Amino acid sequence: MLRLQCTESSKHQQSNRLYIVYMMKSPLFALLLLCIAKFDFAEAFATQKSHLQHHNSKTAGRISRLSATEEKNTDKEDKFSFQQRIESVKTAAVGAISGGIAATPFIGFHDIPLYGTATWEFDTDMGSLQSALFAIVYRYCVREEDDNEMLNMGVVGAFVVVRTLSRVRVPEYCTAVPLTCGSPLGYVDWNMIQQLALNGLESAALFGAAAVAMEFAYKKEFISKFPN
């Protein structure tokens, strides 16, 4: 009985081995193994491809950030390069010459009768210096692609108002706290109003001529506008 069971068990194991050998030799089994191998290879390839894409995206991002930084540094260098300093020197020269020449007769009309030629010379020299500084500021304010006329007028008007008010002299007969000078307004009298009018005319000629000269220099490309 025991021998019979052992014989049957050995036959069963032998039949299983033969079945496995048969299956391994069959084309269907080979095809199944090939499909499994293809699936594993495709999955590994997809994983590797995703890793490469992620790495490439990181590298591209770093390159773009470096490029943007280099462009910003280049823009800063262009805005404050030696060439821009040369343009500022030319701007100051244009402003000083044009503003000084335009304001000289108006300053003389105001200063010579009241204060003499020495004051006229001093005020003319200081006016040329003010006009040179104005021209530099004008170039920085009115930049490339700025076609707004109100901006140009605003820069000129700001300098005119500041210079006009700073040159008014309060007469000795005025009393303080509160300031009282007489008619017509109490705070300012006719003498101060006259000073405001004459100084305003001087300032308008001084800075207006400098602005016109700057625009002319832009058109003739003698001076380049400051970049945005």
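Buried means under 20% relative accessible area, exposed means over 50%, and partly exposed is in between (1.4 Å probe, protein chains only). Keep those words handy for the tour.

The model is predicted, so local features need pLDDT of at least 70, and side-chain atom pairs count only at pLDDT 80 or more, while totals for chains, interfaces and linings use all residues. Residues are numbered from 1 along each chain as its sequence is written, and side-chain values use heavy atoms, leaving out hydrogens and water.

**Stop 1: Lys90 and Glu87**

Select Lys90 and Glu87. They form a salt bridge (a side-chain nitrogen of Lys or Arg within 4 Å of a carboxyl oxygen of Asp or Glu). In this pair, the closest N and O atoms are 3.1 Å apart. Both residues lie in helix 3, three residues apart, about one turn of the helix. Helices here are DSSP runs (H or I, at least four residues), numbered from the N terminus. Is Glu87 buried or exposed? Glu87 counts as buried because its relative accessibility is 5%. Lys90 is partly exposed, at 22%.

**Stop 2: a salt-bridge network**

How many salt bridges does the structure hold? The count comes to four. Side chains of opposite charge can pair when their charged atoms come close. Now select Asp123, Arg163, Arg167 and Glu202, which are linked in a network of salt bridges.

Start with Asp123 and Arg167. Their side chains meet in a salt bridge, 3.3 Å from N to O. This pair links distant parts of the chain: Asp123 is in helix 4, Arg167 is in the loop between helix 5 and helix 6, and the two are 44 residues apart. Asp123 is buried, at 8% relative accessibility. Arg167 is partly exposed, at 22%.

Go on to Glu202. Glu202 forms a salt bridge with Arg167, with 3.7 Å between the closest N and O atoms. Again distant parts of the chain are linked: Glu202 sits in helix 6, Arg167 in the loop between helix 5 and helix 6, 35 residues apart. Glu202 is buried, with a relative accessibility of 1%.

**Stop 3: Arg139**

Select Arg139, in helix 4. Arg139 is buried yet has no salt bridge. Which side chain of opposite charge is nearest to Arg139? The nearest is Glu87, 4.5 Å away. Lys and Arg count as positive and Asp and Glu as negative, with His and the chain ends not counted.

The side chains of Arg139 and Gln84 are joined by a polar contact of 2.7 Å. A polar contact is a pair of N or O atoms within 3.5 Å; within protein, one must be able to donate a hydrogen and the other to accept it, and residues adjacent in sequence count only if both atoms are side-chain atoms.

Now show what surrounds Arg139. Leaving aside neighbours within four places in sequence, Arg139 is in contact with residues including Gln84, Glu87, Ser88, Thr91, Met214, Tyr218 and Phe226. Contact means heavy atoms within 4.5 Å.

**Stop 4: Ser98**

Return to helix 3 (residues 82-115) and select Ser98. Ser98 is buried because its relative accessible area is 17%. Show the backbone too. A polar atom of the Ser98 side chain lies 2.6 Å from the backbone oxygen of Val94. The backbone oxygen of Gly95 lies 3.4 Å from a polar atom of the Ser98 side chain. Beyond its neighbours within four places in sequence, Ser98 is in contact with Ala209, Ala210 and Ala213.

**Stop 5: backbone features**

Select Val177 and Pro178. The peptide bond from Val177 to Pro178 is cis, with omega near -5 degrees. Pro178 is in the loop between helix 5 (149-166) and helix 6 (190-219). Val177 lies in that loop as well. Its phi is near 50 degrees, a positive value in a residue other than glycine. Val177 is exposed, with a relative accessible area of 81%.

Step along to Ser183 and Pro184. The peptide bond from Ser183 to Pro184 is cis, with omega near 10 degrees. Pro184 is also in the loop between helix 5 and helix 6.

Then select Glu221, in the segment after helix 6. Phi of Glu221 is near 60 degrees, a positive value in a residue other than glycine. Glu221 is exposed, at 70% relative accessible area.
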